[in-house]
Amino acid sequence: MTESGYRTKKRFGQHFLHERKFIDDILAAAAIGHDERVLEVGPGLGALTEHLLAVARHVEVIELDRDLIERLKNRPRSNLLLHEGDALAFDWPSILLSPPYVFVANLPYNISSQILFKLLDNRSLFSRAVLMFQKEVGDRICAAPATRDYGILSVLCQLYFTVKRVAIVPPGAFRPPPKVESAVISFHRLEQPVVSVDNEAFLRRVVKAAFSQRRKTLRNTLKANRFGSAAVEQACSMNEIDPARRGETLTLVEFVSLTNSLLRLDIE
């Protein structure tokens, strides 16, 4: 139970940030201007929300927990808009009507990766984001090619955003304390992707396949995921990529160029 008398619910992955130093780190990284609009998912007891309301023109929050919703309703603010429900179930363009937003949140651990994909899918709604994840997720987001943590999240996030680790947050900064460290990551949306993607859905399919069996070669993982053998060999040759390499060694540019070639061969 927190000092305010609220009993946290495990099913919502609730760990409320209370240490002011890390709240300040998040606010500094977000650098919110007085005319900007903010989205927060999972405001919890409002430790971060109160500071966002003080600096932003308008703050929209999405909260699922009925008890926390009532707390927010009992503290009405003229620049606060509450969306009641599951952030994953909402169609974000239908509720976030005044983009661009700054997305700032201590995300519930149990949905943080899914929320990250919502950010990727709706990136045009945001100028930037500052988000809290479990440290291992943050490591994957920021990882470089040919490292242990490099994977799907690394490729997709770094293709569309400049990502940077802001802070490592110890368990004691939360109530109740989680069993792992957390990481604050900032995302600044690029005006254009690092390299132009012909078909984003197809890119995700290729990247997912490449990392599906990390110990196997690119040739074998792609073939195992129903990419045609001849197309894989030809696409690799066209882009001077050795199909005997592992997927985790490919750079962003290599992933996209390989995908664009595979797509054209598939169409033909």
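Predicted model: local features only at pLDDT ≥ 70, side-chain atom pairs only at ≥ 80, totals over all residues.

Student: Where is Ser112 found?

Tutor: Ser112 belongs to helix α5.

Student: And is Ser112 buried or exposed?

Tutor: Ser112 has a relative accessible area of 3%, under the 20% cut-off, and therefore counts as buried.

Student: At what angle do α5 and α7 pack?

Tutor: Helix α5, residues 112–121, packs with α7 at an angle of about 30 degrees, and their axes are 11 Å apart. Because angles under 35 degrees count as roughly parallel, α5 is roughly parallel to α7. The crossing of α5 and α7 is left-handed.

Student: Which residues make that contact?

Tutor: From α5 they are Ser113, Leu116, Phe117 and Leu120, and from α7 they are Ile152, Leu153, Leu156, Cys157 and Tyr160. The residues of this contact of α5 with α7 comprise eight nonpolar, one polar and no charged.

Student: What about α7 and α8, at what angle do they pack?

Tutor: The angle between α7 and helix α8, residues 200–210, is about 145 degrees, with the axes 9 Å apart. The crossing of α7 and α8 is right-handed.

Student: Which residues meet there?

Tutor: Ile152, Val155, Leu156, Leu159 and Tyr160 in α7 meet Glu200, Leu203, Arg204, Val207 and Lys208 in α8. By type, the residues in the contact of α7 with α8 are seven nonpolar, no polar and three charged.

Student: And α6 with α7, how do their axes cross?

Tutor: The axes of helix α6, residues 135–142, and helix α7, residues 152–160, come within 6 Å and cross at roughly 55 degrees. That angle makes α6 oblique to α7. The crossing of α6 and α7 is right-handed.

Student: Who meets whom in α6 and α7?

Tutor: On the α6 side there are Val137, Arg140, Ile141 and Cys142, which meet Leu153, Ser154, Cys157 and Gln158 in α7. The contact of α6 with α7 divides into five nonpolar, two polar and one charged residue.

Student: Let us stay with Ile141. What is Ile141 in contact with beyond its sequence neighbours?

Tutor: Leaving aside neighbours within four places in sequence, Ile141 is in contact with Leu116, Phe133, Leu153, Ser154, Cys157, Gln158, Val163, Ile185 and Phe187.

Student: How many residues are in the largest nonpolar core, and which have the most contacts inside it?

Tutor: The largest nonpolar core has 60 residues, and those with the most contacts inside it are Trp92, Phe103, Ile141 and Phe187. Helix α11, residues 252–267, gives the most to this core, with seven residues. Apart from this core lies another, of 25 residues, among them Phe22, Val38, Val59 and Val102.

Student: Changing topic to the backbone: which peptide bonds are cis?

Tutor: One of them is the bond from Pro99 to Pro100, with omega near 5 degrees. Pro100 lies in the loop between α4 (92–95) and β5 (101–106). The peptide bond from Arg175 to Pro176 is also cis, with omega near -15 degrees. Pro176 is placed in the loop between β8 and β9 (182–189).

Student: And which residues have positive phi without being glycine?

Tutor: Ala31 is one of them, with phi near 45 degrees. Ala31 sits in the loop between α1 (20–30) and β2 (37–41). Arg226 also has a positive phi, of about 70 degrees, although it is not a glycine. The loop holding Arg226 runs between α9 (218–224) and α10 (229–238).

Student: Are those two buried or exposed?

Tutor: Ala31 counts as exposed at 52% relative accessibility. Arg226 is exposed as well, with a relative accessible area of 77%.

Note on methods: Residues numbered from 1 in each chain as written. Heavy atoms only, no water. Core = buried A, V, L, I, M, F, W, Y, C linked by side-chain atoms within 4.5 Å. Buried < 20%, exposed > 50% of the residue type's maximum accessible area, 1.4 Å probe, protein only. Helix = DSSP H or I, 4+ residues; strand = E, 2+ residues; numbered from the N terminus. Contact = heavy atoms within 4.5 Å. Axes fitted to C-alpha atoms, helices over the stretch in contact; angles between N-to-C directions. Parallel < 35°, antiparallel > 145°, perpendicular 65-115°, else oblique. Left-handed = near helix turned anticlockwise from the far one by under 90°. Nonpolar A, V, L, I, M, F, W, Y, C, P; charged D, E, K, R; others polar.
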